[in-house]
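Biologist: I have a model open. Can you show me how to read its strands and its surface?

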Amino acid sequence: MATRVPHLINGEWRHDAGGAPFAVTDPTSNQPLWEVASASADEINQAVASAKQAFQAWREVPTPERARLMLRYQHLLKQHHDELGALVAQETGKTIADAKGDVWRGIEVAEQAANVSALMMGETVENVARGVDTHSWVQPLGVCVGITPFNFPAMIPLWMFPMALACGNAFILKPSEQDPMTAVRLGELLLEAGAPKDILQIVHGRKEQVDQLITHPDVKAVSFVGSVPVGQHIYRTATDHMKRAQCFAGAKNHMVIMPDANPQQVVSQLVGASVGAAGQRCMAISVAVFVGSAGDMIPALRDELAKVMPGHHSDTAAAYGPLISPQARARVLSLIEAGKQEAECLLDGSDCTVPGYPDGNWVGPTLFRGVTPQMMIYKEEIFGPVLCCVEVESLDEALKLVNANPYGNGTSIFTKSGAAARKYQHEVEVGQVGINIPIPVPLPFFSFTGWKGSFYGDLHAYGKQGVRFYTETKTVTSRWPEDEIVETNMTISLK
Ligand code: NAD
């Protein structure tokens with residue numbers, strides 16, 4: 001019998017949750033890895049009630065003690081980096097290097113959460129009026145919920161719960177049902193680091209469980225990362241139920257290549273940024289915008305992409321792994337098919353096979369030229385190893401194209417011109433901008449901010465601003481009449 005993925009409810013690992021179990025499969029073979037049962041409505045209620053109670057005690061734990069928990073957690077995550085990387089690779093099919101990168105980016109957030117005392121400092125102004133002072137406290141919210149996608153099963157849960165917990169909240173995580181075991185291991189390590197047993201709850205499931213969580217009267221805030229339709233649904237539903245919500249959604253990321261850019265650099269960076277992780281990154285480059293004669297680089301790009309092959313994570317030569325599921329593969333293949341009707345297909349990865357893994361969800365690198373904004377392959381977030389080339393005459397035209405796109409997660413420009421780079425970074429309407437860097441994900445002491453259709457909500461978060469999401473600022477204005485002061489030998493006390 002396949003291993004059951006346990007839920008963490010009220011500090012207990014429960015293997016016998018209510019709903020009918022379904023299989024989590026290995027994307028390199030589609031063989032079952034483990035099985036997971038959705039939480040019942042009663043189990044969700046138990047998780048919320050337990051988190052609500054845990055919050056009362058946890059919020060009283062001094063901030064430096066909460067920070068020390070994060071220091072111990074960061075240390076344990078580092079000790080288990082290889083093991084967690086192997087688990088991520090097993091569940092997602094990512095290469096080991098990529099899987100370890102997923103874990104590492106999460107460790108960096110736990111590290112940032114250990115700095116929570118400084119990040120939670122309020123503000124003060126003395127004498128806002130004669131004899132009146134104002135100061136603000138930053139206080140936790142209560143029970144916060146996180147809904148995470150399949151593509152970064154370590155990093156994205158770690159974007160959320162360490163910061164929320166360090167701020168003094170209790171947290172309920174609903175990881176992706178496609179790779180839920182990584183979240184379980186992250187939870188085990190948090191308990192091993194000495195966390196009170198009930199400040200983190202982990203429940204599994206799909207829409208039904210998510211909807212119950214985001215409408216529950218005792219949940220104060222919802223963090224979501226995933227696709228656009230689900231992000232919109234979660235944002236609408238959670239805010240309709242008066243929750244604070246931040247929803248990070250899909251993307252279509254453009255890289256603009258100016259004619260003066262270094263061709264070797266462009267080609268090698270574009271290969272990794274477009275088909276790395278099988279294109280299943282919200283910051284993957286899916287559109288290359290060649291300005292003027294930069295289009296001459298396209299044949300070399302095709303040749304380099306043709307050398308890249310996916311493979312099993314045990315194969316160190318594999319450039320990337322499979323897509324997460326047969327459904328994801330079928331969707332990507334149908335978009336490639338649609339693209340072939342609309343644009344020039346320079347490289348077609350539809351018939352990709354990997355020796356020894358005939359049933360894996362493989363798609364080879366795919367390259368289209370002559371793509372226009374009206375085409376389906378331009379409009380859809382493909383989320384596969386597919387790169388679309390668009391050619392334009394000028395930087396202004398490139399900016400117009402990128403700014404007209406409904407998404408705004410990441411973008412980059414490759415150029416030797418400081419003036420072109422400055423103009424691009426100033427005028428582009430996208431949250432993360434790279435200059436000669438293809439995937440500009442900021443370190444966690446900066447905010448991660450999608451624009452336009454890539455983000456719904458406020459308090460653009462994680463990293464520094466994450467503290468602002470998971471807390472409420474309370475401003476206190478106080479007047480202390482001088483005639484209330486009583487002098488004693490040692491101290492000044494109030495009557
Ligand atoms: P998804 O939207 O299908 O699932 C995300 C989560 O929502 C999962 O936990 C899932 O169980 C839950 N869910 C799915 N359907 C639901 C529904 N109808 N109602 C309520 N909950 C539901 O996303 P995915 O396929 O797991 O992840 C890929 C997507 O995530 C891509 O679009 C990618 O761009 C996006 N993503 C965005 C960022 C970012 O920071 N902007 C980061 C990573 C991934």
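Modeller: We take strand pairing, then a surface patch. Keep in mind that this is a predicted model.

Biologist: What holds the strands of a sheet together?

Modeller: Strands of a sheet pair through backbone hydrogen bonds, either parallel or antiparallel. Take strand 11, residues 219-225. Strand 8 (residues 143-147) pairs with strand 11 in the parallel sense, over five bridges. Within that pairing, Val145 stands opposite Val222.

Biologist: In which sense do strand 11 and strand 12 pair?

Modeller: Parallel, over five bridges, with strand 12 covering residues 244-248. Ala221 has Arg244 in strand 12 as its bridge partner. Helix 9 (residues 228-240) carries the chain from strand 11 to strand 12, and this β-α-β crossover is right-handed.

Biologist: Is strand 11 mostly covered or mostly open?

Modeller: Mostly covered. Six of the seven residues in strand 11 are buried.

Biologist: What is the strand order in the open sheet of three strands?

Modeller: The order is 1-5-4, and the pairing is mixed. Strand 1 (3-4) and strand 4 (21-25) are the edge strands, each pairing on one side only. Strand 1 runs parallel to strand 5 (residues 32-37), joined by two bridges. Thr3 has Trp34 in strand 5 as its bridge partner.

Biologist: Now the surface. Which residues form the nonpolar patch?

Modeller: Leu443, Phe445 and Phe446, with about 300 Å² of accessible area together. Leu443 lies in the loop between strand 20 (432-435) and strand 21 (451-452).

Biologist: Why does Leu443 count as partly exposed?

Modeller: Because its relative accessibility is 33%. Partly exposed runs between the 20% cut-off for buried and the 50% cut-off for exposed.

Conventions: Residues are numbered from 1 along each chain as its sequence is written. This is a predicted model: local features need pLDDT of at least 70, side-chain atom pairs count only at pLDDT 80 or more; totals for chains, interfaces and linings use all residues. Side-chain values use heavy atoms; hydrogens and water are left out. Buried means under 20% relative accessible area, exposed over 50%, partly exposed in between (1.4 Å probe, protein chains only). Helices (H or I, at least four residues) and strands (E, at least two) are DSSP runs, numbered from the N terminus. Two strands pair if DSSP finds at least two bridges between them. A crossover is right-handed if, with the strands pointing away from the viewer, the path from the first strand over the helix to the second runs clockwise. Patches are made of residues with over 30% relative accessible area and no salt bridge: like charges are joined within 9 Å, nonpolar side chains (Val, Leu, Ile, Met, Phe, Trp, Tyr) within 5 Å. Accessible areas come from the Shrake-Rupley method with a 1.4 Å probe; for residues, only the protein chains shown count as cover. A salt bridge is a side-chain nitrogen of Lys or Arg within 4 Å of a carboxyl oxygen of Asp or Glu.
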